[in-house]
Amino acid sequence: MPDALLRKAVVLAAGRGTRMGGLTAETPKPMLLVEGKPLLQHVLEALAVTGVDRFFVVTGYHGEMIQRHFAGWSGIEFATQEPVNGTGTAARLAREFVAGDAFHLGYGDILCHPSGYQRCAQVLLDNPETQAVLGVKDVDDPWRGAAVYVENGLITRIIEKPPVGTSTTRWNSAGLYAMQAAIFPYLDRIQLSPRNEYELTSIFDMMLADGKHLRIAAIEDEWRDVGAPADLEAMNHRHNL
């Protein structure tokens with residue numbers, strides 16, 4: 001195991017995953033299997049490869065299944081999000097766990113090679129004035145996710161779900177982050193989104209408006225947002241994370 005760049009990780013795993021249809025009728029999405037192991041287990045194991053040894057997992061829908069599966073793991077803590085009303089309020093539950101330290105933040109349904117987490121952490125630690133690093137993927141058109149614009153190494157704006165063909169950046173947010181504890185006051189300020197949720201990504205516009213430094217880390221190895229049954233099937237047929 002390498003020397004840890006960051007020792008703590010917060011993983012959000014509270015949602016049902018409605019786009020999975022009947023697959024999540026009785027099973028939370030992070031517990032769906034990829035090559036015989038739950039999605040969430042792949043996430044935690046990838047983080048552990050980087051040297052993370054303390055995990056904070058936020059559960060919600062059928063959270064008891066998640067807690068039961070990982071009960072024997074060392075260094076893992078759980079919190080239950082009630083109600084499950086957005087990733088912003090879920091992340092806020094980790095305030096005491098973070099305790100002022102820098103940390104990884106990710107989701108229980110986004111699979112990434114350990115090098116992606118390491119790259120995010122390295123960019124954060126190499127730039128002490130930076131409050132958050134967003135993992136990004138180079139894509140033809142980031143219309144499915146969030147278009148991330150960068151000038152002189154710093155993020156200048158982030159546009160969620162831009163219309164097809166309108167983006168002039170190729171960077172798409174990959175849904176994994178390295179963050180300073182300075183994000184928590186911004187989590188406290190999140191307002192309901194048009195989707196009636198308190199969304200984690202809302203903090204970035206507030207931080208940019210305050211002149212905070214946000215940077216990107218390019219994810220070059222394997223990455224997959226397992227959002228639909230087709231993604232799950234693809235990962236079960238080709239998976240080398």
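Predicted model: local features only at pLDDT ≥ 70, side-chain atom pairs only at ≥ 80, totals over all residues.

**A close look at the salt bridges**

Author: Let's start with Arg170, which is partly exposed because its relative accessible area is 43% (buried means under 20%, exposed over 50%, and partly exposed in between, using a 1.4 Å probe and protein chains only). Its partner is Asp138: the two side chains meet in a salt bridge, 2.6 Å from N to O. That term means a side-chain nitrogen of Lys or Arg within 4 Å of a carboxyl oxygen of Asp or Glu. Asp138 counts as partly exposed too, since its relative accessibility is 46%. The pair ties together distant parts of the chain: Asp138 sits in strand E8 (residues 130-138), while Arg170 is in the loop between strand E10 (154-160) and strand E11 (171-179), 32 residues apart. Helices (H or I, at least four residues) and strands (E, at least two) are DSSP runs, numbered from the N terminus.

Residues are numbered from 1 along each chain as its sequence is written, and side-chain values use heavy atoms, with hydrogens and water left out.

So why do such pairs turn up? Side chains of opposite charge can pair when their charged atoms come close.

Now hop over to Asp188, which forms a salt bridge with Arg95, with 2.6 Å between the closest N and O atoms. Again distant parts of the chain are linked: Asp188 lies in the loop between helix H6 (184-187) and helix H7 (202-209), and Arg95 belongs to helix H4 (residues 95-98), 93 residues apart. Asp188 is partly exposed because its relative accessibility is 41%, and Arg95 is partly exposed at 36%.

One more pair to find: Arg7 and Asp53, whose closest N and O atoms are 2.2 Å apart in their salt bridge. Here Arg7 is in the segment before strand E1 (8-13), and Asp53 is in the loop between helix H1 (39-49) and strand E4 (54-59), so these distant parts of the chain are linked across 46 residues. Arg7 has 47% relative accessibility, so it counts as partly exposed, and Asp53, at 32%, is partly exposed as well.

How many salt bridges are there in the whole structure? A search finds 12, including the pair of Arg7 and Asp53.
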